[in-house]
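Hi,

Here is the structure I promised to pass on to you. Have a look at it first, and then read on for what I found in it.

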Amino acid sequence: MADGGQTRLAQDGVVGGMTHVIGAGLAGLSTALCLSEAGHRVTVWESAGHAGGRVRSFHDAVLDRMIDNGSHLILTGNDGVQRFMARSGAPNGLVAADHAAFPMVDLEAEGDRRHFTIQLDEGRLQRWLFDPARRIPGMGALDLLAGWRLAFAGPETTVAQAVRDRGPAWRAFWEPLTLGILNTKPEAASAALLWRVMAETFLKGARPSRPMFAPDGLASALVDPAVARLRAGGVAVNLNTMVKDVERVGDRATALRLGGERVALSPDDRVVLALPPSRLTRLMPDLAPPADDAAILNAHFRVDEPAALADVPPLVGIIGGMAQWTFVRGDVISVTVSAAHQIGALDRPRAEVASILWREVAAALHLKSEPAASRIIVEKRATFDQSPDGVARRLTATTSMPNVFLAGDATQTGLPATIEGAVRSGETAAKLVMASLSSDSATMPTGRKVTTAEA
């Protein structure tokens, strides 16, 4: 070889019939699980030292606790996540709440209006809308019906343009919902994306809308079982291994470059790039995906008196402050600040942000003492641009090369940048791989032994 590197042969010395999944985030793991389950040979390549991508758990030395880098709202109606867990052999990794209930605290309200709970009824008929005792304080029976405009919103319409009312329902429902789901202020967020989530969950009632929690962390619930299942099935999950280039001849990928090594691809090999946009364009500079620089700030607080959290719900929404959602696990309170890049949260010193968030959380949850420890984590590339312009730039799962496919929540899943979208993108990529192999089987050569000299 001209560069003096080495050519690595695929599993068992045979280059043929192997799908190389680049990226071990949930999209890549989903792709690999689907293909492995169907009997296909798969290899996974991941540049980081851990799988899971933006979904990871780790022991934080400051808190002396296992934490997730960020919190994710998963609902029982997320069918892709349910299938993913089943394929991983850990169908019960997430625990569903008994009810589709979302406790809320309005920091700017007084008296009975300060605390309320949005609790959905079973079925499509939502009786709570017509019960003044169960409605959002100050909301009329028909106020939420303004949201039906989302169903008819065009691709260029934002949530703020579709939902025009700015009353209690906007402040306590539409605005926090948009921030939490789309990581974007309603003035910039795609109305069509929000409607898709509404149609699959909340509009169907309580059954698909119950929150699901990971008692031992998201890695334990989703990532670790998937990696274990893949490895048990003979799939190599290669960590700390960056694919630096995809070589091509004509319209086909012919090899992967991993540093000084080269993985040759035979005609019946396939490649799935399960990468976020900023990394994807390094390998495929001819693509123009949406930007992925929408940030989320996460604060984690450990309390000295866990008994004070005994009656605190695992999920609480906060209105009227910088904090938006709190997730409680053990003696750690995790706070999510979505659209942090748009609301100025990244412009302040982290110590100041932590102080502000703790004051809001303590007021919302009736906590008296200061936290024993705190940690701020900023995911600067948490999601892709979920404005109408960003959504219009989402890529299809196919590419100009018939043996290369894409996965990732920034592809055209129809869903926002969520775990559910990532998992479904992997399922789509796996189906395309299998369909391409089936259609090519009559004309493409089978796998054969390849020597280093030949490569």
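A word on terms before anything else: by contact, or touching, I mean heavy atoms within 4.5 Å. Please also keep in mind that this is a predicted model.

With that in hand, let me start at Leu75, which is found in strand β7 (residues 74-75). Not counting residues up to four places away in sequence, Leu75 touches Phe102, Thr201, Phe202, Pro208, Ser209, Arg210, Pro211 and Met212. Is Leu75 buried or exposed? Its relative accessible area is 5%, and the cut-off for buried is under 20%, so Leu75 counts as buried. For a sense of distance, the C-alpha atoms of Leu75 and Asp268 are separated by 38 Å, and the two residues are 193 apart along the chain.

Phe102 stands opposite Ile118 in β10. Strand β9 (residues 101-106) pairs with β10 in the antiparallel sense, over 5 bridges. Both strands belong to an open sheet of 7 strands with mixed pairing, in the order β10-β9-β18-β19-β20-β17-β21. Because β10 (115-119) and β21 (373-383) each have a single partner strand, they stand at the edges, and one side of each is left without a neighbour in the sheet. On average, neighbouring strands here are turned by 25° against each other, ignoring direction.

Now to the interior. As a rule, nonpolar side chains in soluble globular proteins tend to be buried together. The largest nonpolar core in this model has 42 residues, and Trp174 and Leu194 have the most contacts inside it. The elements that give two or more residues to this core include strands β9, β10, β18 (315-319) and β19 (325-329), along with helices α4 (168-182) and α5 (191-200). Which element gives the most to this core? That is α4, with 8 residues. Leaving aside neighbours within four places in sequence, Trp174 is in contact with Leu144, Gly147, Leu150, Val163, Ala169, Leu194 and Met198. Another core, of 41 residues, lies apart from this one; among its members are Leu26, Leu29, Val42 and Val433.

Thr158 is found in the loop between β10 and α3, and it is buried, with a relative accessible area of 8%. Setting aside neighbours within four places in sequence, its contacts are Pro186, Glu187, Ala188, Ala189, Ala191 and Pro388. The other item is a hairpin formed by β5 and β6, with 4 residues between the strands. Asp64, in the turn, has a positive phi of about 60°. Strands β5 (residues 57-60) and β6 (residues 65-68) pair in the antiparallel sense over 4 bridges, and Asp60 stands opposite Arg65.

Finally, the chain as a whole. The protein chain holds 10 helices and 23 strands. Its radius of gyration is 23 Å, close to the 23 Å from the globule rule for 455 residues, so the chain is as compact as a globular protein of that length. Along the principal axes, the C-alpha atoms fill a box of roughly 80 × 50 × 40 Å. Buried residues make up 55% of the 455 residues. The chain exposes about 19,300 Å², with carbon and sulfur atoms supplying 52% of that area. Of the contacts between residues at least 6 apart in sequence, 69% join residues at least 24 apart.

Best wishes

Notes
Residues numbered from 1 in each chain as written. Predicted model: local features only at pLDDT ≥ 70, side-chain atom pairs only at ≥ 80, totals over all residues. Heavy atoms only, no water. Pairing = 2+ DSSP bridges. Axes fitted to C-alpha atoms, helices over the stretch in contact; angles between N-to-C directions. Rg over C-alpha atoms; globule rule 2.2 N^0.38 Å. Buried < 20%, exposed > 50% of the residue type's maximum accessible area, 1.4 Å probe, protein only. Areas by Shrake-Rupley, 256 points an atom, 1.4 Å probe, with all protein chains shown as cover. Core = buried A, V, L, I, M, F, W, Y, C linked by side-chain atoms within 4.5 Å.
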